[in-house]
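Thanks for coming. Please have a look at the sequence and the structure on the screen, and then I will take you through a few parts of it.

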Amino acid sequence: MNAVKPANYAKAKARQLQNALYLAAKGNPRRRFHALYDKVHRGDILWEAWKRVKTNGGSGGVDGITIDYIVKEYGE
């Protein structure tokens, strides 16, 4: 059977990751997070981040690339 994920599944998973990282940092203030790539490079987390930045009207970073440029050049 193919289970359907709720519409807010990515948001819940992103929040779960944020909470886990927050608790780990609060539990040990000297802790350093060296390998987050495997956690951040998940499709659901990246999509949730994109939605938040786009909704927030994110600005270009040090490279000057804007949300509009990304949408025009690469799409969503």
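This is a predicted model: local features need pLDDT of at least 70, side-chain atom pairs count only at pLDDT 80 or more; totals for chains, interfaces and linings use all residues.

Let me begin with helix H3, residues 43–56. The helix has 14 residues, and from its first C-alpha to its last it reaches 20 Å. That is close to the 20 Å expected at 1.5 Å a residue. After H3 comes Gly57, which has a positive phi, near 70°.

Which residues of H3 are buried? They are Ile45, Glu48 and Trp50. The cover over the buried residues of H3 includes helix H1, at 9–27, helix H2, at 37–40, and also H4.

Now to its partners. Side chains of opposite charge can pair when their charged atoms come close.

With Lys51, the side chain of Glu48 meets in a salt bridge, 3.4 Å from N to O. Both residues lie in H3, 3 residues apart, which is about one turn of the helix. Arg52 forms a salt bridge with Glu48 as well, and there the closest N and O atoms are 3.2 Å apart. Arg52 and Glu48 are 4 residues apart in H3, again about one turn. Taken together, Glu48, Lys51 and Arg52 are linked in a network of salt bridges.

Are the two partners buried or partly exposed? Lys51 is partly exposed, with a relative accessible area of 34%. Arg52 counts as partly exposed too, at 32% relative accessibility.

How many salt bridges does the model have? The count comes to 4. One of them joins Lys54 to Glu76, with the closest N and O atoms 2.5 Å apart. This pair links distant parts of the chain: Lys54 is in helix H3, Glu76 is in the segment after H4, and they are 22 residues apart. Lys54 is partly exposed, with a relative accessible area of 34%, whereas Glu76 is exposed, at 55%.

Last, the surface patch. Ile65, Tyr69 and Tyr74 make a nonpolar surface patch of about 340 Å². Tyr69 is found in helix H4, residues 67–74. At 38% relative accessibility, Tyr69 counts as partly exposed.

Terms used. Residues are numbered from 1 along each chain as its sequence is written. Side-chain values use heavy atoms; hydrogens and water are left out. Patches are made of residues with over 30% relative accessible area and no salt bridge: like charges are joined within 9 Å, nonpolar side chains (Val, Leu, Ile, Met, Phe, Trp, Tyr) within 5 Å. Accessible areas come from the Shrake-Rupley method with a 1.4 Å probe; for residues, only the protein chains shown count as cover. Helices (H or I, at least four residues) and strands (E, at least two) are DSSP runs, numbered from the N terminus. Buried means under 20% relative accessible area, exposed over 50%, partly exposed in between (1.4 Å probe, protein chains only). The expected span of a helix is 1.5 Å times one less than its number of residues. Contact means heavy atoms within 4.5 Å.
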